[in-house]
Amino acid sequence: MKGLFKSKPRTPADVVRQTRELLIYVDVNWNSRDAKREEKMAELSKNIRELKSILYGNSEAEPVSEACAQLTQEFFKGNTLRLLIICLPKLNLEARKDATQVVANLQRQQVHSRLIASDYLEANKDLLDLLVSGYDNVDIALHYGAMLRECIRHQSIARYVLESENMRKFFNYIQLPNFDIASDASATFKELLTRHKSTVAEFLSKNYDWFFKEFNSKLLESPNYITRRQAIKLLGDMLLDRSNSAVMVRYVSSKDNLMILMNLLRETSKNIQIEAFHVFKLFAANQNKPQEIVSILVTNRNKLLRLLSDFKTDKEDEQFEADKAQVIKEIAAL
């Protein structure tokens, strides 16, 4: 007889609905002394683990696309993403990790050939403000940071973050004393400025003045070695990207920028010197150098030629040697 009363297995949509109810419970009863709270928290952790298992598969089975689509549809139909993000600080560490992986995976799930996560975030942009401000909280910074990087895979969402006041906050987050959080913020900042080429070019053109003022003073001239090294590498990636050619011409026409680059060329760190050289060569190669740039290069010609002739990379690099020879030729001919 016992076999007759087996409970029906839960569908992916059932798991999402139950997770949503538990998240609402946690949100409302967080400070209450309800005896059931621990039990509900354990149930919630179990549900989030099950969502992860449906989306990623497990050691016994690969994920089933139909189940993933059903789960995704239910997830964005209700406000489950919002609840999960808001309640994340209240979860234990394992549940936070699982929730972060669930949110990451949902950004890539298509339903009827559409990324419905993108549509949801479009309508709930305040969630991105919440994720960015997560860098202010040591306990959740890395989880919110990972979620944010997945959300900005969608071009319209990256555009929103770039154009919002949040962008200015990154200059401070990158310099936080907590190394892990600063590195995570730096990874997000790099993703925002390199992933979606046309959006980035538009942002840099429109926000050139304040952006590079902050970038130069807070990052390139930072007292922190790691910050300077990551910033000069990112600057090279941005300026050498074809889609940013107009911004590059503007950057290499500024004598203040040239002075900063020449200081970075004199750093004791080989890594910083080499990254600085990749940007410095753009100043030298510019065929329409403003007169003040020419004057600085002429005044420092002997020092620069000496510095460049002693310049070596650790590995044989034909391209580097060719670039160096060209820069030496340009400066010598001034």
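Is Phe-76 buried or exposed? Phe-76 is buried, since its relative accessible area is 9%, a value that falls under the 20% limit for a buried residue. This is a predicted model, and the values that follow are computed from it.

**Aromatic pairs**

- The model holds 23 aromatic pairs, counted as rings whose centres lie within 6.5 Å.
- One of them joins Phe-75 and Phe-76 in an edge-to-face arrangement, with 5.8 Å from centre to centre and 70 degrees between the planes.
- Phe-75, with a relative accessibility of 0%, counts as buried, and Phe-76, at 9%, is buried too.
- Another pair, formed by Tyr-208 and Phe-212, is tilted, the centres being 4.9 Å apart and the planes 50 degrees from each other.
- Tyr-208 and Phe-212 stand four residues apart in helix α13, which spans residues 208-220, and so about one helical turn separates them.
- Both Tyr-208 and Phe-212 are buried.

**Charges over rings**

- Arg-168 places its charged end over the ring of Trp-210, at 4.0 Å from the centre of that ring.
- Lys-40 is found over the face of Tyr-25, where the distance to the ring centre is 5.3 Å.

**Cysteines**

- Zero disulfides are found when the whole structure is searched.
- For Cys-68, the closest cysteine sulfur belongs to Cys-151 and lies 18 Å away, which is too far for a bond.
- For Cys-151, the closest cysteine sulfur is that of Cys-87, and because the distance is 17 Å, it is too far for a bond.
- Cys-68 counts as buried at 4% relative accessibility, and Cys-151 is likewise buried, with a relative accessible area of 2%.

**The cavity**

- The whole structure contains one cavity of 30 Å³ or more, and the volume of the largest cavity is about 30 Å³.
- Its lining is made up of Leu-193, Thr-194, Lys-197, Val-200, Ala-201, Asp-241, Ser-243 and Asn-244.
- Two or more of these lining residues come from each of the elements α11 (179-194) and α12 (197-206), and α12 gives the most, with three residues.
- By class, the lining of the largest cavity has three nonpolar, three polar and two charged residues.

**The largest pocket**

- At least two lining residues are supplied by each of α14 (225-239) and α17 (270-285), with α17 providing the largest share, five residues.

- The lining of the second largest pocket divides into five nonpolar, two polar and two charged residues.

Notes: Residues numbered from 1 in each chain as written. Predicted model: local features only at pLDDT ≥ 70, side-chain atom pairs only at ≥ 80, totals over all residues. Heavy atoms only, no water. Phe/Tyr/Trp six-rings, centres within 6.5 Å; stacked < 30°, edge-to-face > 60°. Buried < 20%, exposed > 50% of the residue type's maximum accessible area, 1.4 Å probe, protein only. Lys NZ or Arg CZ within 6 Å of the ring centre and 35° of its normal. Disulfide = S-S within 2.5 Å. 1 Å grid on protein atoms, 1.4 Å probe; cavity = no way out; pocket = protein on both sides within 12 Å on 5 of 7 lines; lining within 4 Å. Points joined across faces, edges and corners; volume = space filled by probe spheres on them. Nonpolar A, V, L, I, M, F, W, Y, C, P; charged D, E, K, R; others polar.
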